[in-house]
Amino acid sequence: MKLIVAIAVILLTIPLASAQVVKVEMNPQTLLPNDVADCNLIISLPQPTYVSGISFYHPSALEIQPNSVSSVGWVQSYELPFTIKAKRSGIYTVNVIINTMNGSIKQAFVVKVESKMPKIVLDRTTFNLNEVNEVGFSISSPLQISNIIVIPMFDANPKVIYVKNGKGYFKFEPKKPEPLRFKIEFYNGRNYHEIVQTVNVEYKKSKGVLINATPEYPIALIGDVIGIDVQISNLRQDNVYSIKINVSGGSFSTKSVEIPTIKAGETKLVKFKWCSVSAGMKNVTIKVTYLDEFDNKHSERKVVTIKVLNETTLQFSDIEIEKSLNGLTITGDVCNNGRSKIYNILISANGKTYYIDYLDPSDFDSFEITIPTNVSKVLLKVTWTNEIGERFEKFYEVRVSNFETGVKKSENGILPLAISLITLVAILMLVFIAWKRRR
C-alpha cells in the first residue's frame with residue numbers, strides 16, 4: 001500500500017512542459033468582422049492528470065464562448081469545443097491557461113480578423129455600347145471563401161452566376177455609359193456575407209453594321225434592268241442574326257433577302273436587279289434589320305440615287321410604208337438600247353402582229369407587217385418584258401397620205417418623195433396650160 005501511494009506521488013510530480021499538450025483548431029482560420037469561428041481545443045497529456053480548469057484570456061475585440069470551464073477531472077486527452085466571434089478587424093493573441101494539480105500549462109494562438117472583403121476583377125473594362133459584350137471575371141479574396149454567387153445589378157445573362165474555381169463570365173448589352181454594380185454572396189466558414197461592389201468601366205460607340213450599295217450604272221433608261229450590289233459589313237464585336245435586307249423605290253427582282261448570321265468583322269454581298277417605269281432622279285432605299293444575341297432589334301438605312309432618262313429601252317427605227325398588191329406593208333427595225341435583255345417583243349398594227357423572242361443589249365431586229373389599204377393612219381404598238389418580268393408597251397402613230405405603189409413613209413408620217421412628185425406634176429400642168437393658151 002505504501003508503494004502504490006509513493007508511485008502516485010511520483011506520477012503527480014512529473015513535469016508536463018516537455019510534452020506537446022495543447023492544439024487549437026479553427027474554422028475558418030481567418031475571420032471577417034462579426035464572423036464566428038468554430039474551434040476545438042485539444043489537450044494531450046503523457047499520463048492521466050487532474051485538470052481543475054481551463055480559461056481563455058483575450059482582448060475585448062474577441063468574444064469566446066465558453067470563456068472558461070472548471071473541474072474537468074482526470075484526463076489524459078481532452079477536447080473542448082468553443083467559438084470565437086470577431087467584433088472588429090485586427091490581429092489578436094489568445095492565451096489558454098490549463099490548470100492542473102502539477103501547475104499551469106500555457107498556450108497562445110493568433111486570431112486574424114480581416115478588414116478586406118472579396119472583390120470581383122473583370123478581365124476587360126472597355127465595352128461597346130449597344131453591342132453584346134462577353135466578360136470574364138475572377139474573385140480576389142484574402143479569405144478561403146466558398147459558395148460564391150455573383151449577381152449583376154444590371155441586365156446581364158446569366159442573371160445569377162455561380163462561381164467555380166474563383167472564375168465566371170457573363171454577357172450584357174449596355175445602352176448608356178454607367179458603372180457596373182455587382183452583388184457578391186459568399187460563405188466564410190458558416191458565416192454568410194453579401195456585399196455590393198461598383199466597378200468603373202469605359203465605353204466606346206458601336207461601329208454597327210455598315211451598308212455599302214453600288215448601282216451597276218448611275219444612269220439608266222425606262223424599263224432597263226441594272227444590278228445593285230449591297231454589301232453588309234458587321235463592324236460590331238459580336239455576331240448578328242436574322243439579317244433582313246429590304247429595298248424600295250422601283251421594281252426589283254426581289255424586295256427582301258434574309259441572311260441567317262453575319263459574324264463579327266464579316267461582310268456579306270447581296271445582289272438586286274432593279275428598274276424604273278418612269279424618268280427622273282430615283283432614290284433607292286436599302287433598309288437592313290438584324291437581331292443581336294439577346295434578340296434586340298437594330299436597323300440601318302442607306303439611300304442611293306440613279307438617274308433615269310426619259311427614253312425606253314426599246315425604240316423603233318427606219319419605219320417604211322409601201323403599198324403592194326396585198327395591202328399596205330410596214331417595215332422597220334426595233335432596237336434594244338438598254339443594258340439588259342428584253343423578251344417577248346410583240347409588234348402589232350391594226351390587228352396584225354409580229355413576234356420577236358428576245359433582243360440582247362444593243363441589238364436590233366427587223367419586222368414586217370401587212371395591213372389593208374383602206375386606212376389613213378397606222379398605229380404601231382410594241383410590248384415587251386424585261387429581265388425581272390416587268391411589262392412595257394409603247395405606241396407609234398404613222399399617218400398615210402398616199403398609197404401609190406412604191407411610196408415609202410418615215411416613222412413620223414412625212415413622205416418627202418411623194419411631196420416632190422406632186423409638186424413636179426403641178427408645175428408641169430401649169431406649163432402645159434400656159435402653152436395651150438398661147439396657141
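## Overall composition

The secondary structure of the protein comprises two helices and 33 strands; helices (H or I, at least four residues) and strands (E, at least two) are DSSP runs, numbered from the N terminus. The structure is a predicted model, in which local features need pLDDT of at least 70 and side-chain atom pairs count only at pLDDT 80 or more, while totals for chains, interfaces and linings use all residues. Residues are numbered from 1 along each chain as its sequence is written, and side-chain values use heavy atoms, leaving out hydrogens and water.

## Surface and contacts

Of the 439 residues, 41% count as buried, a term for under 20% relative accessible area (1.4 Å probe, protein chains only). The protein exposes about 24600 Å², and carbon and sulfur atoms supply 51% of this area, computed by the Shrake-Rupley method with a 1.4 Å probe.

Among contacts (heavy atoms within 4.5 Å) with a separation of 6 or more, 60% come from residues 24 or more positions apart.

## A four-stranded open sheet

Four strands, in the order β13-β11-β15-β16, form an open sheet with antiparallel pairing. Its edge strands, β13 (161-162) and β16 (191-199), each pair on one side only; two strands pair if DSSP finds at least two bridges between them.

Strand β11 (residues 146-152) pairs with β13 in the antiparallel sense over two bridges. Ile161 in β13 is the bridge partner of Val150.

## Glu185 in strand β15

Strand β15 (residues 180-188) contains Glu185. This residue, Glu185, is buried, its relative accessible area being 14%. Leaving aside residues up to four places away in sequence, Glu185 touches Asn147, Ile148, Ile149, Ile151, Tyr192, His193 and Glu194.

Key:
Buried means under 20% relative accessible area, exposed over 50%, partly exposed in between (1.4 Å probe, protein chains only).
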